[in-house]
Amino acid sequence: GYVSVGKEIANQIGLDIDVFCAAVGTGGAFTGTTKGLNHAGQKPDLIALEPLQSPFLTTGQGGAHRIEGIGLGFEPPFLNLDRCDEIRAIDGNEAFQTCKKLAAEEGIFCGPSTGLNVTAALEIAAERGPDSVTVTLGCDHGSKYVGLGL
């Protein structure tokens, strides 16, 4: 299903996509969305994301963190690391802060996986400049995280 998500993103954006970044659990969403973007003629730089508190892909050491479904502490079975242009570790605490900001300022009630994705996308967009197009995924909602400070 993620291949069709990638195609839909490409069609809706209607511009060349410079960067696709997303948090990685098993790698399925990242890989599938990338395939869909490629099928639609897009060739963005690919940046896999993980929580700074469990930086297995960047350091080889996993760790405890509060974001479900990502940063699993082992090499993701559906992620081809050779296809990634970069792997970036993002602070999970910042992900939760981004969730709060998205809810308060944009009316988007998301979970911390989305918060991590948006945190990274904003960093990357600032680095690349205003003419660059950076895309990420909104992959969860915030209802099950309310007791964790959202």
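User: Which helices and strands each supply at least two residues of the lining of the largest pocket?

Analyst: The model is a predicted one, and its largest pocket holds about 310 Å³ of space. The lining of this pocket is made up of 21 residues, and Glu68, Gly69, Ile70, Ser113 and Cys139 are those that lie nearest its centre. When the lining is sorted by helix and strand, the elements that each give at least two residues are β1, α2 and α5 (112–128).

User: Which element gives the largest share of that lining?

Analyst: By class, the lining of the largest pocket is divided into 10 nonpolar, eight polar and three charged residues. Sorted instead by element, the largest share amounts to three residues, and the element that supplies them is α2.

User: How many cavities of 30 Å³ or more does a search of the whole structure find, and how much space lies in the largest cavity?

Analyst: Rolling a probe the size of a water molecule over the atoms shows where empty space is left. Searching the whole structure in this model gives one cavity of 30 Å³ or more. Among the residues that line the largest cavity are Val24, Glu50, Phe56, Gly73 and Phe74, and the lining as a whole has six nonpolar, four polar and one charged residue. The space in the largest cavity comes to about 50 Å³.

User: Which two residues form the one aromatic pair, and how are their rings arranged?

Analyst: A search of the whole structure finds one aromatic pair, formed by phenylalanine 20 and phenylalanine 30, whose ring centres are 5.4 Å apart. The pair links distant parts of the chain, as phenylalanine 20 is in strand β1 (residues 19–23) and phenylalanine 30 is in helix α2 (residues 28–39), 10 residues apart. Both phenylalanine 20 and phenylalanine 30 are buried. With an angle of 35° between the planes, the arrangement of phenylalanine 20 and phenylalanine 30 is tilted.

User: What is the distance from the charged end of arginine 66 to the centre of the ring it sits over?

Analyst: The ring in question belongs to phenylalanine 96, and the charged end of arginine 66 sits over it. The distance from that charged end to the centre of the ring is 3.9 Å.

Methods. Residues are numbered from 1 along each chain as its sequence is written. This is a predicted model: local features need pLDDT of at least 70, side-chain atom pairs count only at pLDDT 80 or more; totals for chains, interfaces and linings use all residues. Side-chain values use heavy atoms; hydrogens and water are left out. On a 1 Å grid over the protein atoms alone, a cavity is a set of points where a 1.4 Å probe fits but cannot get out, and a pocket is an open set with protein on both sides within 12 Å along at least five of seven lines; lining residues have an atom within 4 Å of a point. Grid points are joined across faces, edges and corners, and a volume is the space filled by probe spheres set on the points. Ala, Val, Leu, Ile, Met, Phe, Trp, Tyr, Cys and Pro count as nonpolar, Asp, Glu, Lys and Arg as charged, and the others, Gly among them, as polar. Rings of Phe, Tyr and Trp (its six-membered ring) pair if their centres lie within 6.5 Å; planes under 30 degrees apart count as stacked, over 60 as edge-to-face and the rest as tilted. Helices (H or I, at least four residues) and strands (E, at least two) are DSSP runs, numbered from the N terminus. Buried means under 20% relative accessible area, exposed over 50%, partly exposed in between (1.4 Å probe, protein chains only). A charge sits over a ring if NZ of Lys or CZ of Arg is within 6 Å of the ring centre and within 35 degrees of the ring normal.
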